[in-house]
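Dear colleague,

Please find below the structure that I am handing over to you. My findings follow directly after it.

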Amino acid sequence: MNGMVNESPGGDLRLDGLTKRFGRITAVDGLDLTVAQGSFFALLGPSGCGKTTTLRAVAGLEEPTSGRVLLGDRDITRLRPHRRPVNTVFQSYALFPHLNVHENVAFGLRRRGIRSVDAEVARMLALVRLDGFGPRRPAQLSGGQQQRVALARALINQPQVLLLDEPLGALDLKLRRQMQVELKRLQIEVGTTFVQVTHDQEEAMTMADTVAVMNAGRIEQLGGPADIYEYPATAFVANFLGQSNLLAAEAAGPAGSEVPVTAHGARFSVPADRARADRGAVHLGVRPEKLHLAGTDAGLPAGHQHVAGVVTDASYVGVSTQYLVRTAWGGELSAFVANSGLGGQLPIGASVVAHWDPRHAFLLPREPGHGDRAAGRLDAPVGAAP
Ligand SMILES: Nc1ncnc2c1ncn2[C@@H]1O[C@H](COP(=O)(O)OP(=O)(O)O)[C@@H](O)[C@H]1O
Ligand SMILES: [Mg+2]
């Protein structure tokens, strides 16, 4: 154990065909993944998609059914957990209740037989902004403070990779937001690779350099938060990371730099570089905040495309009002209008024109037979002709 950190070469964390089955359940399904050294990486997905199992395989707490875990050029798949230069922080902080903060943080050093721990413990407590908290017991700390202690206790071991499994899940919303900023600062300061598991899309977006969106044991899309959000690869991603209006459409191949599509008898187009599919059954996607509402189709911004409809619902949520607009074909579109102080609220029943800049739209492949998908209603696809 002693000197472990120095013996280990640095490098990227790589998963190579990682698969884990529990009986007939495939929790992790042939994951290929590279996490760049020093990056903040988020594994984002709904409950049960295999996030924790993936982390546990990296930590050595779960033996893969097949595939490999590599750190740099070193295959650590069969290495015992305590031999791996990896530490884990869980949602439940799992601090030792009978030890004070100082001894909790010192634990990893003591276990390695290191006697003079004070300077290093003080450095770690300063890092997580808990200077002077050493003598306290965990029970005398708030949830956020306990989670900082858990971080200090992990980081004192100088792991190459810090694994965080829903580390902020037990905190209330406001504290969670604060800790998101803190964790990001901490990661930049220590430069350690952080792999964080979360089902909270906002958390993944605000903290991570790279987000992998996971669904049913596989990665559906991987990239920078803005890239994934602006140009989702699948209907799942389009509605797990934010929301999207997905219109059932037909495409007949690119025409120049555009892909023309037909949806519900109307013609639209999308730039070819925003088309994941350009032939046959597709979904035309527009995010609710990219959908603007006007009273008439006169004077729309140049190049905008539009659909007429009637406001059927308006939810005031402070920063924006979220409208539902029923179209002539019976589908519903979701539009978020910022409460910027310009323009008033639209009443229910108002006739509107929903318009968008095609450079913000995107095309996804669609399984034939699947209709529109209203934003935020992934599990209840709306039939094109109800
Ligand atoms: N020890 C286990 N035995 C049997 N099934 C398990 C075990 N651990 C996880 N699973 C199953 O594997 C799947 C993925 O679980 P998990 O990795 O915990 O998902 P997540 O962390 O994304 O919520 C789930 O269907 C879960 O029920
Ligand atoms: Mg989990």
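In this predicted model, an N or O atom in the side chain of Lys51 lies 2.9 Å from an oxygen atom of ligand 1. Such a pair is a polar contact, meaning N or O atoms within 3.5 Å of each other. The side chain of Thr52 likewise places an N or O atom 2.8 Å from an oxygen atom of ligand 1, while Gly48 uses a backbone N or O atom, 2.6 Å from a ligand oxygen. On its own, ligand 1 exposes 560 Å², of which the protein buries 60% (accessible areas by the Shrake-Rupley method with a 1.4 Å probe).

The shell around ligand 1 (residues with a heavy atom within 4 Å of it) includes Phe22, Ile25, Ala27 and Pro46. By class, this shell holds 5 nonpolar, 5 polar and 1 charged residues; Gly counts as polar, and Cys and Pro as nonpolar. Helix 2 (51-59) and strand 2 (25-35) each supply at least two of the shell residues, and helix 2 gives the largest share, with 3 residues. Helices (H or I, at least four residues) and strands (E, at least two) are DSSP runs numbered from the N terminus.

The chain is divided into domain 1 (13-226) and domain 2 (243-365), with bounds from an automatic or database assignment. Their C-alpha centres lie 40 Å apart.

Residues are numbered from 1 along each chain as its sequence is written, with chains lettered from A and ligands numbered from 1 in the order written. Local features need pLDDT of at least 70, side-chain atom pairs count only at pLDDT 80 or more, totals for chains, interfaces and linings use all residues, and side-chain values use heavy atoms, without hydrogens and water.

With kind regards

Note on methods. A polar contact is a pair of N or O atoms within 3.5 Å; within protein, one must be able to donate a hydrogen and the other to accept it, and residues adjacent in sequence count only if both atoms are side-chain atoms.
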